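Reader: Hi, could you walk me through this structure? I am new to reading models like this.

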Amino acid sequence: MVSSLEFIRLANWVMNQVLVKSCYGVARKIKSHGFDWGDLSSKPLQQPSSFPDIVKCDLEGRGSQTLACDFHKVLLRTHSFFPYFMLVAFEGGSIFRAFLLLCSCPILLILNYEMKLRVMIFISFCGLKVKDMENTSRAVLPKFYLENLNLEAYEVVASVGSRVFFTTMPRVMVEGFLKEYLNADAVIATELHTSGFYFTGLVSKSGFLVKHSALIDYFGDTKPDLGIGNTSLHDQLFISLCKEAYVVMNEGKVMPRNKYPKSLIFHDGRLAFLPTPSATLCMFMWLPIGFVMAIYRIFLGVFLCCKFTVALGAWCGLKFDFKDKNQKRSESDKGVLYVCTHRTLLDPIFLSSGLGRPLTAVTYSLSRVSEFLAPLRTIGLTRDRKEDGETMKRLLGEGDLVVFPEGTTCREPYLLRFSSLFAELADEIVPVAVNVEVSMFYGTTASGLKVFDPFFFFMNPNPKYCIEILEKVPREHTCGGGRSSHEVANHIQKELGYALGFECTNLTRRDKYMMLAGNEGVVQEKKGRRF
């Protein structure tokens, strides 16, 4: 007679083979075989250029010069506007708006350049709140722009003192990035029509930007010192009005992270990939399967005990890399204080599963649904230093405690400033390096609904959690050894940064939320209680 555990393992195996490997594999094959609908926004009028390639441009002595530069197919390596309109539709709008934009791809194939842009603008912007677009432009789009910058073109732009950008893309999609990251003096782009606080989805009365006319209107009789464009007839006419001109012949090299004009530390949005037509199709094909997998994986974590969760999770595509380098056991009758880097709300759950014993976690802004579903004890903090310190001391007296001194999550390879409160509570401190890998959806958000964070993480085809428990902090590096709480916090941050290969920063939770959501990240009930 087959036992219940064997039956569960068999069901796990079937689900992994049929759902995860088969369906996701089909989607990956579709993408890999070039099913990308071509370039949905490139201009058809191309000809051999009489201007030299951008790689031949001398970068010396241009600090006092003025640049006139196109954005699309010059600074951006991607040849299509579609991925960026999809980001607006999905992140600023909704999944239904994104699906409608995807369904429009066959129609876009038969339209001319201007009509393609009009259709994408209408679907992406019609009825969209101006505020939502501003959030998307500030918190979502910069990441994808930076990852697709053309290195050769950027080096030329960076060498020039004054920079003016011209593009047919809507100004609301590019102006924030160009001024914040590329120090643009001016951005001349297509304007969209609004009605009150909403976009109508229509282009303003002035129509699409005509770059060579806009350059004449902006500079007048004065010619820019340098012009950069692509090989289209329109761009060659545009840069012919400059004293010196170059064209971008190909996509160029990818911009490495260490050469970004400004460090990308914070960004928001759910999509973890550039939503080209083929990649977006793969996502929508995966969604029904991902929905089932997310429910199943959450079920494993909530209703099954720890020793079965990890084993069964591996059968359904969930990867868990756990290393425990701490050989020193607790020398006191109090619990151990685990100090973790923070990647998602699931950090303490995976740590508890790896250790094989229950833990208590303290956190900020925990939703009631997440608190109810959490398979371990979670305690919300109030941000009152004295009250939170007393709470954590009491919890340490009851058992092991998990704290996240960054106070919030960070997706990129950076560590935020550590709060020093934890260092004042115990001398038995064990640092824990936590990292995650996702391919489709991010399991965190600053401006969205946090209750869905675990769900989005588990919807990834093969999400991976990496946890490494470092050796216990020596007593001489704790407050008990004569160090200040700030010295202890900085020491542990440095050790965790080294273990993960992350860069330590002095940025805080407040910095993150002010940038991404325009608030301090504190939610209050009407009665004044923080949660």
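Reader: Is Y218 buried or partly exposed?

Author: Y218 is partly exposed, since its relative accessible area is 42%, and partly exposed covers what lies between buried (under 20% relative accessible area) and exposed (over 50%), with a 1.4 Å probe and protein chains only. F219, by contrast, is buried at 15%. Please keep in mind that this is a predicted model, in which local features need pLDDT of at least 70 and side-chain atom pairs count only at pLDDT 80 or more, while totals for chains, interfaces and linings use all residues. Residues are numbered from 1 along each chain as its sequence is written, and side-chain values use heavy atoms, leaving out hydrogens and water.

Reader: How many aromatic pairs are there in the whole structure?

Author: A search of the whole structure gives 21 aromatic pairs. The rings of Y218 and F219 have centres 4.9 Å apart and planes at 80 degrees, so this pair is edge-to-face. Rings of Phe, Tyr and Trp (its six-membered ring) pair if their centres lie within 6.5 Å, and planes under 30 degrees apart count as stacked, over 60 as edge-to-face and the rest as tilted.

Reader: And which residues form one aromatic cluster?

Author: That cluster is made up of F320, F322, F350, F457, F458 and Y465.

Reader: What lies over the face of F144?

Author: K143 does, at 4.3 Å from the ring centre, where a charge sits over a ring if NZ of Lys or CZ of Arg is within 6 Å of the ring centre and within 35 degrees of the ring normal. K262 is placed over the face of Y181 in this way too, at 5.6 Å from the ring centre.

Reader: Where is K143 found, and what does it touch?

Author: K143 is found in helix 7, residues 141-147; helices (H or I, at least four residues) and strands (E, at least two) are DSSP runs, numbered from the N terminus. K143 is buried, with a relative accessible area of 4%. Not counting residues up to four places away in sequence, K143 touches L264, H267, A272, E412 and Y442, where contact means heavy atoms within 4.5 Å. Although K143 and L264 are 121 residues apart in sequence, their C-alpha atoms are 7.0 Å apart in space.

Reader: Which side chain is joined to K143 by a polar contact?

Author: The side chain of E147 is, at 3.0 Å. A polar contact is a pair of N or O atoms within 3.5 Å; within protein, one must be able to donate a hydrogen and the other to accept it, and residues adjacent in sequence count only if both atoms are side-chain atoms.

Reader: Switching to helix 8, why is it largely enclosed?

Author: Helix 8 (residues 151-158) is largely enclosed by the rest of the structure because six of its eight residues are buried. Those are L151, E152, A153, Y154, V156 and V157, and they pack against strand 1 (66-70), strand 2 (162-170) and strand 6 (226-229). At the start of helix 8, a side-chain oxygen of N150 comes to within 3.0 Å of the backbone nitrogen of E152.

Reader: What about T344, where is that?

Author: T344 is in the loop between strand 9 (337-340) and helix 14 (347-355). T344 is buried, with a relative accessible area of 2%, and its side chain reaches the backbone nitrogen of L346 at 3.0 Å.

Reader: Why is helix 14 largely enclosed?

Author: Eight of the nine residues of helix 14 are buried, so helix 14 is largely enclosed by the rest of the structure. Helix 14 is followed by G356, which has a positive phi near 75 degrees.
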